[in-house]
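Good morning, and thank you for making time for this item. Please have the structure open as we go.

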Amino acid sequence: MTDSMWQGPGVDLDAYLARVGYRGEVAGDLSTLRGLHTAHVDAIAFDNLDALFGRTSVPLDLDSVQDKIVRQGRGGWCLEQVVLMAAVLDRIGFTFTAFAGRTRIRTGNKFGPALHVALCVELDGERWLHDVSFGAYGPHEPIRLAENARLDGNGSFDLVREPSGEHVLRFLGPEGPAELYGFTTDVRHPSDFEILNHFCLTHPRSPFNHQMVLQRTQPGVRHLLAGSTLTEIRPSGPATFRELDKDELLSAPEEIFGITLDPGDVQTLRKFLDGRDA
């Protein structure tokens with residue numbers, strides 16, 4: 001699906017490629033899809049700081065998303081990153097649709113709201129799950145969207161099919177399989193994202209508006225910060241956990257997650273952390 005719904009003509013492709021450090025050839029092929037996926041998750045963190053700062057909106061128009069993530073060096077949460085990635089793929093000429101998934105990794109609930117959004121790319125007669133925005137447990141490359149498909153490398157993943165018809169993406173860690181999310185490939189449009197965005201920003205049960213949630217996947221290591229707990233995940237062993245003090249929390253966005261905050265945002269984060277400890 002490469003019409004203007006995904007705003008491909010409006011993306012600054014050169015600026016995006018520089019932001020993620022991608023230097024390979026750009027074409028509508030699997031090599032490019034893999035390369036962009038890996039570069040994106042390495043460079044761009046999952047970042048919920050706007051919600052944490054009490055901002056009343058997280059704009060999903062392409063200009064706002066590009067300004068925040070590409071030009072300012074921020075991260076973004078799932079919906080922002082999908083808007084950006086979809087525009088990039090549209091500009092290059094990929095054929096794809098969006099779908100929504102029900103996150104299971106933190107809740108264990110198979111029937112929660114479908115808040116996570118990813119892309120299904122059609123390429124050479126096959127479908128690929130292309131998900132750059134799930135965070136520290138997300139895949140580092142596209143995975144073939146087929147029952148019992150498997151992806152290895154920087155962590156291992158597979159896809160299973162439940163009797164209900166839902167696909168389930170699983171992270172295969174040393175402790176055993178962890179279900180990340182269940183989904184069908186029912187098509188979602190950008191207009192659907194606004195409803196999900198409003199829930200994540202304002203709803204009392206949103207996991208993103210009351211504590212800092214930062215996540216990043218890099219070669220050989222994945223980091224997840226939820227509240228004050230930093231989780232480090234490596235392919236070769238079990239996850240490790242560490243509690244960060246206030247100074248470490250203040251520096252974590254830049255030093256661990258590669259997020260550039262302007263001085264005003266740094267002060268806002270400091271006030272949030274002071275209030276939390278008051």
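This is a predicted model: local features need pLDDT of at least 70, side-chain atom pairs count only at pLDDT 80 or more; totals for chains, interfaces and linings use all residues.

**Salt bridges, cysteines and a charged patch**

Glu 179 is partly exposed, because its relative accessible area is 30%; buried means under 20%, exposed over 50% and partly exposed in between, with a 1.4 Å probe and protein chains only. Residues are numbered from 1 along each chain as its sequence is written, and side-chain values use heavy atoms, with hydrogens and water left out.

The partner of Glu 179 is Arg 104: the two form a salt bridge whose closest N and O atoms are 2.8 Å apart. A salt bridge here is a side-chain nitrogen of Lys or Arg within 4 Å of a carboxyl oxygen of Asp or Glu. This pair links distant parts of the chain, 75 residues apart, with Arg 104 in the loop between strand S2 (95–103) and strand S3 (116–123) and Glu 179 in strand S9 (residues 176–183). Helices (H or I, at least four residues) and strands (E, at least two) are DSSP runs, numbered from the N terminus. Arg 104 counts as buried, at 3% relative accessibility.

How many salt bridges does a search of the whole structure find? The search gives 17. Another of them joins the side chains of Arg 74 and Asp 47, at 2.8 Å from N to O. Arg 74 lies in the loop between H4 and helix H5 (78–92) and Asp 47 in strand S1 (residues 46–47), so the pair ties together parts that are 27 residues apart in sequence. Both Arg 74 and Asp 47 are buried. They also belong to a network of salt bridges that links Asp 47, Asp 50, Lys 68, Arg 74, Glu 80 and Asp 265.

Turning to the cysteines, how many disulfides are found? The whole structure has zero, a disulfide being a pair of cysteine sulfur atoms within 2.5 Å. The sulfur of Cys 120 is 15 Å from the closest cysteine sulfur, in Cys 78, and therefore too far for a bond. Cys 120 is buried at 3% relative accessibility, and Cys 78 is buried at 8%.

Finally, consider helix H4 (residues 62–71), which contains Asp 67. Asp 67 is partly exposed, at 33% relative accessibility.
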